[in-house]
Amino acid sequence: MEIQLWRELLDPYELAVNEIIVKFDHLIKEYRERGMYSPIEQVSGRVKSIPSLLEKAQKKKIPIEEIDERIEDLAGIRIICQFVEDIETVVKMIRERADMRVKREKDYISNQKSSGYRSYHIIVYYQVETLQGPKEILVEFQIRTLAMNFWAVIEHSLQYKYKRNMPIEIRTRLMEAANSIIKLDEQMSSVRSEIMEAQNSFQIKAAIVSEILNNIQNIYRVANKREVIKIQDEFYRIYESNDLEELRMFSQQLDIITEGYHAQAISLSGVEHIYRNNTI
Ligand code: 0O2
């Protein structure tokens with residue numbers, strides 16, 4: 001196939017990968033902005049490279065013209081979670097999405113591969129808009145924990161180095177490492193609620209602080225400097241005390257003060273308007 005035709009074939013896959021990354025990044029942002037724990041830690045994606053595509057087609061004896069129907073991971077999205085429990089949440093989110101339809105699922109977490117590989121795969125149909133009109137393509141999601149990803153990335157590079165001739169002692173050590181990853185994920189799950197609580201309170205604090213700073217900036221434009229400095233000093237004092245409840249109350253009081261200035265500004269501009277109209 002000519003290089004130009006490869007580009008045409010892979011173009012919609014590139015569009016799909018870019019679109020899906022934007023959508024999932026936005027979800028992470030929405031969770032964080034609401035001070036909620038995000039089951040998705042990171043999202044990334046890639047379109048399979050032409051050499052790797054040719055190698056897979058050759059290995060599976062797939063004719064070049066059938067590549068886009070029979071190779072399901074031309075477009076790959078990787079979703080990394082902190083905890084094993086989050087994987088199920090993400091799987092449900094994907095199943096329920098209106099912009100994709102599940103073709104099949106492969107649970108390599110309950111059914112670990114003989115290599116030691118663990119991950120949850122979902123292959124979906126996803127529609128992109130091209131110059132030639134809508135095109136439905138396949139996209140593979142790989143959902144795994146940070147620890148599973150660590151193992152898979154290292155093992156993948158060793159596979160690349162040794163091709164199909166990985167020495168048995170390296171295979172054995174990788175299998176041992178895969179078992180340690182299972183234990184590590186279990187241990188992290190046992191402190192999940194503590195970790196989530198800590199992360200949540202950090203995110204809540206960050207959201208309150210950014211609202212306070214916003215309000216102080218607004219007040220700065222209308223109030224006298226001395227009053228703003230008093231407010232700022234009070235904010236620093238509460239911030240340093242690390243008392244979330246006090247910070248929340250301070251933010252509420254600041255909301256009321258900001259509202260007061262806002263109302264004053266509106267009524268002043270109303271008075272100015274009346275004066276201007278009377279003098280005309
Ligand atoms: P790359 O370089 O990552 O793109 P099948 O369902 O068996 O007919 P397929 O596509 O072989 O078809 O399915 P499978 O086994 O689910 O593999 C899909 C992808 O999962 C692989 O793509 C890898 O990315 C990943 N994967 C599967 N098994 C392993 C493994 O043992 N170790 C690692 N590190 N990754 C694995 P590619 O095209 O093989 O590779």
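How many bridges join strand 2 (residues 75-81) to strand 5, and do the two run parallel or antiparallel? Seven bridges join them, and the two strands run parallel; the points below place this pairing in the rest of the chain.

1. Basis of the note. This is a predicted model, in which local features need pLDDT of at least 70 and side-chain atom pairs count only at pLDDT 80 or more, whereas totals for chains, interfaces and linings use all residues. Residues are numbered from 1 along each chain as its sequence is written, and side-chain values use heavy atoms, with hydrogens and water left out.

2. Overall make-up. The chain holds nine helices and five strands, and from the N terminus on its elements follow the order α-β-α-α-β-α-β-β-β-α-α-α-α-α. Helices (H or I, at least four residues) and strands (E, at least two) are DSSP runs, numbered from the N terminus.

3. Dimensions. The radius of gyration of the chain, taken over C-alpha atoms, is 27 Å, while a compact globule of 280 residues would have a value near 19 Å, the globule rule being 2.2 Å times the number of residues to the power 0.38. Taken along the principal axes, the C-alpha atoms fill a box of roughly 85 × 50 × 30 Å.

4. Surface and contacts. Buried residues make up 36% of the 280 residues, where buried means under 20% relative accessible area, exposed over 50%, and partly exposed in between (1.4 Å probe, protein chains only). The chain exposes about 17700 Å², of which carbon and sulfur atoms supply 54%; these areas come from the Shrake-Rupley method with a 1.4 Å probe, and for residues only the protein chains shown count as cover. Among contacts (heavy atoms within 4.5 Å) between residues at least 6 apart in sequence, 65% join residues at least 24 apart.

5. Strand 5 and its partners. Ten of the 13 residues of strand 5 (residues 133-145) are buried, so this strand is largely enclosed by the rest of the structure. Two strands pair if DSSP finds at least two bridges between them. In the parallel pairing with strand 2, isoleucine 79 stands opposite isoleucine 143 of strand 5. Strand 4 (residues 120-130) is joined to strand 5 by eleven bridges and runs antiparallel to it; here valine 128 stands opposite lysine 135, and a hairpin connects strand 4 to strand 5 through two residues.

6. In one of them arginine 171 meets glutamate 155, with the closest N and O atoms 3.3 Å apart. Arginine 171 lies in helix 6 (residues 168-190) and glutamate 155 in helix 5 (residues 146-162), so the pair ties together parts that are 16 residues apart in sequence. Arginine 171 is partly exposed, at a relative accessible area of 27%, whereas glutamate 155 is buried, at 3%.

7. Salt bridges of arginine 237. Arginine 237 forms a salt bridge with glutamate 234, the closest N and O atoms being 3.2 Å apart; the two residues are three apart in helix 8 (residues 225-241) and are therefore separated by about one helical turn. The side chain of arginine 237 also meets that of glutamate 246 in a salt bridge of 2.8 Å, N to O. Relative accessibility is 32% for glutamate 234, which counts as partly exposed, and arginine 237, at 43%, is partly exposed, as is glutamate 246 at 26%. Elsewhere, salt bridges that share partners join Arg46, Lys48, Lys56 and Asp73 into one network.

Technical notes: A salt bridge is a side-chain nitrogen of Lys or Arg within 4 Å of a carboxyl oxygen of Asp or Glu.
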